[in-house]
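Here is a friendly walk through one model, with the criteria spelled out along the way. Please keep the viewer open as you read.

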There are 2 protein chains.
Amino acid sequence: MDDALRAVADPTRRAILVLVRDREVSAGEIAERFPEISRPAVSQHLRTLTAARLVDVRRAGNRRFYRLRPEGLAEAVTFLETMWSTSLSRLQYEAEQEERAHTGDQDVKGSL
Amino acid sequence: MDDALRAVADPTRRAILVLVRDREVSAGEIAERFPEISRPAVSQHLRTLTAARLVDVRRAGNRRFYRLRPEGLAEAVTFLETMWSTSLSRLQYEAEQEERAHTGDQDVKGSL
DNA sequence: ATAGCGTGTAAGATGTTGCTTAAACACTTA
DNA sequence: TAAGTGTTTAAGCAACATCTTACACGCTAT
């Protein structure tokens, strides 16, 4: 999970994941989508993603095709979802409690 | 989302999030759980989490109580879940395709 | 007011990350 | 075999993250 979350923390790598979500894409084609950075930079991101087991690689002749490996996200998704959902239901419960207790209030958490 | 995912990429901060998931916890109490690192280090992590809007702070006299702010995870969860689930259904589809096409196979993706 | 406690901030050392350029590798085709 | 194409690896560097120690802040209670 650690490797996956660290990999996903980078915006370029997230963009790469989106690119290879639905289809295999070659390293060169991926690099074309990022004109602002060099090919080696993209290649290094691909290595990071591969090491984190977030993508699969298929070598075909000269080229390497990358594709999302969604199982690699399982633990990370589970962790975040647990945090997110269980805690949201708690908030909902407390909102009800508060509603029950008093009607006028000075709430601290402003953005709910 | 960027801040949230970067914040969550650190294992210490993830552990802090778990601590403050169900109840308010004071900075000192949080720091006690991490004997290996100093209090200022914990304080800095708390600042990062606050800046990423992943926790709420309540000041009560001397102390500051932290608590998970699950809405802060919404975008990150959505992103990862989209990657995860849509792509898993694609894999399932392809598995069916492959099954249909031929029965003996040499699979590359080992950990499914 | 002053002492004490809980907590945050500042400054600096150290390791890590993400980039660039240059070079190497691997496969293809003449 | 030699040249060409797609891609990765190496080396070096600037920026950033995380930790530590020392200090400052703010509230509480003598």
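## Starting from one alanine

A:Ala31 sits in helix H3 of chain A, residues 27–32. Helices here are DSSP runs of H or I with at least four residues, strands are E runs of at least two, and both are numbered from the N terminus. This is a predicted model, in which local features need pLDDT of at least 70, side-chain atom pairs count only at pLDDT 80 or more, and totals for chains, interfaces and linings use all residues. Residues are numbered from 1 along each chain as its sequence is written, while chains are lettered from A and ligands numbered from 1 in the order in which they are written.

Is A:Ala31 buried, exposed or partly exposed? A:Ala31 counts as partly exposed because it has 19 C-beta neighbours inside 10 Å. The scale calls a residue buried with 20 or more other C-beta atoms within 10 Å of its own, exposed with 12 or fewer, and partly exposed in between, with C-beta atoms placed from the backbone. Leaving aside neighbours within four places in sequence, A:Ala31 is in contact with A:Arg39 and A:Val42; contact means that the C-beta atoms, placed from the backbone, lie within 7 Å. The C-alpha atoms of A:Ala31 and A:Ser43 are 8.0 Å apart, with 12 residues of separation in sequence.

## Helices that cross

In chain A, the axes of helix H2 (residues 11–19) and H4(A) come within 10 Å and cross at roughly 75°. H2(A) is therefore roughly perpendicular to H4(A). On the H2(A) side the contact uses A:Thr12, A:Arg13 and A:Ile16, and on the H4(A) side A:His45, A:Thr48 and A:Leu49. By class, these residues divide into 2 nonpolar, 3 polar and 1 charged.

For the angles, axes are lines fitted to C-alpha atoms, for helices over the stretch in contact, and values run from 0 to 180 degrees between N-to-C directions. Under 35 degrees counts as roughly parallel, over 145 as roughly antiparallel, 65 to 115 as roughly perpendicular, and the rest as oblique. For the classes, Ala, Val, Leu, Ile, Met, Phe, Trp, Tyr, Cys and Pro are nonpolar, Asp, Glu, Lys and Arg are charged, and the others, Gly among them, are polar.

## Strands and a hairpin

Strand E2 (residues 55–60) of chain A runs antiparallel to E3(A), joined to it by 6 bridges; strands pair if DSSP finds at least two bridges between them. A:Val55 has A:Leu68 in E3(A) as its bridge partner. The hairpin of E2(A) and E3(A) has 2 residues between the strands, and A:Gly61 there takes a positive phi near 60°.

Over in chain B, E1 (residues 25–26) is joined to E3(B) by 2 bridges in the antiparallel sense, with B:Val25 opposite B:Tyr66.

## Facing the DNA

DNA strand C is surrounded by 23 residues, the closest being A:Ser38, A:Gly61, B:Gly28, B:Pro40 and B:Arg63. Here H4(B) supplies the largest share, 6 residues, and the classes are 6 nonpolar, 11 polar and 6 charged.

Note on methods
Contact = placed C-beta atoms within 7 Å. Near = placed C-beta within 6 Å.
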